[in-house]
Amino acid sequence: MSRAEVIKQPDESWWKEAVVYQIYPRSFNDSDGDGVGDIPGITEKVEYLDSLGVDVVWLCPVYDSPNHDNGYDIRDYRSILDEFGTMADWEALLDALHARDIRLIMDLVVNHTSNEHDWFQRSRQRDGEYEDYYIWRDGSPDEPPNNWESVFGGPAWTYDDDRKQWYLHLFDENQPDLNWRNPDVREDIKEMITWWLDKGIDGFRMDAINFISKTDGLPDGDLDEQLVGHQHYAHGPHIHDYLQEIYDDTLANYDAMTVAEMGGTSIPQAAEYLVEGQSGLDMVFQFNHMSVDEGSDGQWTLDEWGEWDLTEFKEIVTDAQGELATTFWDALFLGNHDLPRIVSRFGDDGAYHEESAKLIATFLLTLRGTPYIYQGEEFGMTNVEFDSLNQIDDVMTIGKVEELFETGSIDSFEEARGLVNYWSRDHARTPMQWSDAPNAGFTDREPWLEVNDNYHDINAETALADEDSIWHHYRSLIDLRHEMDTLVYGTYELLLPDHEQLYAYIRTLDEEQLLVVLNWSDEPAMFRTGIETNDTEVLLSNYESSPDSPLEREFRPYEAVVYRL
């Protein structure tokens, strides 16, 4: 199918009908007892994935890496990191997934590499064709070339004593940015993409892909911006050309899906990437709905975090359902490896743990778009509690806390403890809780990151044994989505936009209408609206005995019901 046909006929595509399950390999399952999850460990759990009913696995990086950013600093794009296994192990995983009709997509990390990548090692020595593979600038060792800030905190520049120049890194200093203006860089990247597609993968999740084009001259950024320099390295002047070139020369020749991670992207901007002939993308991870609980200066605003308004959230999601999902397609998510656990952030991981986790699942799996489930969400894994910075592995959290110390915003970790315990990426990276065995059944030895203490109660084995569990609710929702085209291709209509507790919407396809009612609060809420309901049917509920008719009905705390109208 050509790109034009996909855009003109959005009703037919396997990736629109799919449910994606994201795996963070380091934390999923350890097969060899070294405390680190690995590829054979994932293969051991393929039956588990199949039983859940997912259609696609998104595998976070397993490439060779020094692990300064847990695999997102790639040393060799065509090798597997030893602690994860071998290429033969990876091929066995691919075969096991494909044998069960589960597709596999890989992370494509091409804004930057590791500073141990051969390209960078040769570039720092000004080695022939590799001299301009990265973004180098002259200047005094005491002053960076511009005022850009790294996403991980601190300056976005590091001085290299070998080359006697500064290099740009929008993330960690061990992750130098590639110079996409160099056509040789783009050719090498396209060859690598084709190499993986030829091995049989089914697409890519494109990491930080909106950063690959920078403004000419690399001018200083606005000091009033949350992230100084962002306006000059996000959505740069050649971004659409670069992405379309990748698509035309590689992905256009395969039946593959693409989802692009684009932090700091508005919904209209995201839509521009989905227009025919613009970028060749299928979906965009845009994070507007994920900013509702941020402070005035972004995530890491001290003493401003955690509060969010349902009406604002509904407005943002509805904008995306209109501008992205209706005309093009949307990527549906509330969590991933970079975000806190969804039930701790958007639900109630205490008194209403089960109910709110099921409500969030109902939300994600009944919107128009492709749903993404992050490992552990399906049985309600929660955030952990960190008592000191020594417990943190995440380079971003460490960098942000160190920045708070350097600016004098805090004098002790205790002053930032609440902020860290809300935002740290390590919440999503604690080991998968398979059972109530030692270390949650993740490993026989000490795990690379401490297991959440609540694994005795919250784990996959316990959830599978309970037919009313969060896990079985996910399975029922996935089955319902597979059975009902209305949940995939139906239109979306928001009801009660100003209601501060209820999130309700109608999905319509041809003559079929489905109503989703979510009481996103810990207090009862009355559902009153002007819609006509004659013979209604409860298709799925997270409480027992939900009445057939929702009208003039009080919904219990975190109650979620899907009706056929």
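1. Let's start with the sheet. Eight strands form an open sheet in the order β11-β10-β9-β5-β2-β1-β13-β12, and the pairing is parallel. Its edge strands are β11 (283-285) and β12 (331-332), each pairing on one side only. Here two strands pair if DSSP finds at least two bridges between them; helices (H or I, at least four residues) and strands (E, at least two) are DSSP runs, numbered from the N terminus.

2. A word on what you are looking at: this is a predicted model, where local features need pLDDT of at least 70 and side-chain atom pairs count only at pLDDT 80 or more, while totals for chains, interfaces and linings use all residues. Residues are numbered from 1 along each chain as its sequence is written, and side-chain values use heavy atoms, with hydrogens and water left out.

3. Within the sheet, have a look at β9 (residues 203-206) and β10 (residues 257-261), which pair in the parallel sense over four bridges. Arg-205 has Val-259 in β10 as its bridge partner. Helix α4 (residues 87-99) lies across β2 (56-59) and β5 (103-108), at about 135° to β5. For that angle, axes are lines fitted to C-alpha atoms, for helices over the stretch in contact (heavy atoms within 4.5 Å), and angles run from 0 to 180 degrees between N-to-C directions.

4. Next, the salt bridges: there are 36 of them, each a side-chain nitrogen of Lys or Arg within 4 Å of a carboxyl oxygen of Asp or Glu. One joins Arg-75 to Glu-116, with the closest N and O atoms 2.6 Å apart. Arg-75 lies in the loop between β3 (63-64) and β4 (76-80) and Glu-116 in the loop between β5 and α5 (118-124), so the pair ties together parts that are 41 residues apart in sequence.

5. Now for the open spaces. On a 1 Å grid over the protein atoms alone, a pocket is an open set of points with protein on both sides within 12 Å along at least five of seven lines, a cavity is a set where a 1.4 Å probe fits but cannot get out, and lining residues have an atom within 4 Å of a point. Points are joined across faces, edges and corners, and a volume is the space filled by probe spheres set on them.

6. The largest pocket has a volume of about 1,300 Å³. Its lining has 46 residues, and Val-151, Leu-227, Glu-294, Gln-299 and Met-396 lie nearest the centre. Helix α13 (residues 395-406) gives the largest share of this lining, four residues.

7. The second largest pocket, at about 310 Å³, is lined by 18 residues, with Phe-152, Gly-153, Asp-172, Gly-399 and Glu-402 nearest its centre. Here too α13 gives the largest share of the lining, with six residues.

8. Finally, find Glu-461 in helix α15 (residues 460-465). Leaving aside neighbours within four places in sequence, Glu-461 is in contact with Trp-434, Ser-435 and Asp-436. Glu-461 and Ala-440 are 21 residues apart in sequence and 9.9 Å apart in space, C-alpha to C-alpha.
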